[in-house]
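This briefing concerns a single predicted model. Please look over the sequence and the structure below before reading the points that follow.

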Amino acid sequence: MFGSKHAISGSSFQESINEVIIVFSDSEEVVQKVQELFQAVETPLSARGPKAADEALIKLMKAICKDVGIKHKNLPDSYYLKFFGVPPNA
C-alpha cells in the first residue's frame, strides 16, 4: 500500500487495500480507518473537503504503522503522501 500510494485509483493500490482488510481484520483501529478512507473516496469531490482522501489515507497509514509497532512520531504528515519519482528524461 505504501509503495502504490501515488495512484490510489490504480489497481496496485486497490489490491493492497483489499489485503489490508484481511491482514488487519483483528485491528479495530485499522478497520475503522479503512472505512473512513472508503467513505472519503466514495463521497463526490464536490461534497467533500479537498484533502479528505489524503487525510484519511494518512490516518490509515499511521494506524497500520502503530499496529505493527513502527514508530513514526517524528515523521511529518506530508511525508506519508510523498513518493520518489524520477522524470523519464533524468
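A salt bridge is a side-chain nitrogen of Lys or Arg within 4 Å of a carboxyl oxygen of Asp or Glu. Asp77 forms such a bridge with Lys62, their closest N and O atoms being 2.6 Å apart. By this rule, the predicted model contains 3 salt bridges.

**Salt bridges**

- The pair Asp77 and Lys62 links distant parts of the chain, since Asp77 belongs to the segment after α3 and Lys62 to helix α3, 15 residues apart.
- Asp77 is partly exposed, with a relative accessible area of 37%, and Lys62 is also partly exposed, with a value of 26%.
- A salt bridge also joins the side chains of Glu29 and Lys66, at 3.5 Å from N to O.
- Glu29 lies in helix α2 and Lys66 in helix α3, so this pair ties together parts that are 37 residues apart in sequence.
- Glu29 is partly exposed, with a relative accessible area of 35%, whereas Lys66 is exposed, at 56%.
- The side chains of Lys33 and Glu36 meet in a salt bridge of 3.6 Å, N to O.
- Lys33 and Glu36 are 3 residues apart in helix α2 and are therefore separated by about one helical turn.
- Lys33 counts as buried because its relative accessible area is 17%, under the limit of 20%, while Glu36 is partly exposed at 23%.

**Helix α3**

- Helix α3 covers residues 52-68; at 1.5 Å a residue, its 17 residues should span 24 Å, and the 25 Å between its end C-alpha atoms agrees with this.
- The buried residues of α3 include Ala53, Leu57, Leu60, Met61 and Ile64.
- The cover over the buried residues of α3 includes α1 and α2.
- Gly69 follows α3 and has a positive phi, near 85 degrees.

**Nonpolar core**

- The largest nonpolar core has 17 residues, and those with the most contacts inside it include Met1, Ile17, Leu60 and Ile64.
- Helices α1, α2 and α3 each supply at least two residues of this core.
- The largest share of the core, 7 residues, comes from α3.
- Beyond its neighbours within four places in sequence, Leu60 is in contact with Met1, Ile17, Val30, Lys33, Val34 and Leu37.

**Nonpolar surface patch**

- Ile21, Ile22 and Val23 form a nonpolar patch on the surface, together having about 290 Å² of accessible area.
- Ile22 is found in helix α1, which comprises residues 11-23.
- Ile22 is exposed, with a relative accessible area of 62%.

How values were computed:
Residues numbered from 1 in each chain as written. Predicted model: local features only at pLDDT ≥ 70, side-chain atom pairs only at ≥ 80, totals over all residues. Heavy atoms only, no water. Patch = residues over 30% accessible without salt bridge, like charges linked within 9 Å, V, L, I, M, F, W, Y side chains within 5 Å. Areas by Shrake-Rupley, 256 points an atom, 1.4 Å probe, with all protein chains shown as cover. Helix = DSSP H or I, 4+ residues; strand = E, 2+ residues; numbered from the N terminus. Buried < 20%, exposed > 50% of the residue type's maximum accessible area, 1.4 Å probe, protein only. Expected span 1.5 Å × (residues − 1). Contact = heavy atoms within 4.5 Å. Core = buried A, V, L, I, M, F, W, Y, C linked by side-chain atoms within 4.5 Å.
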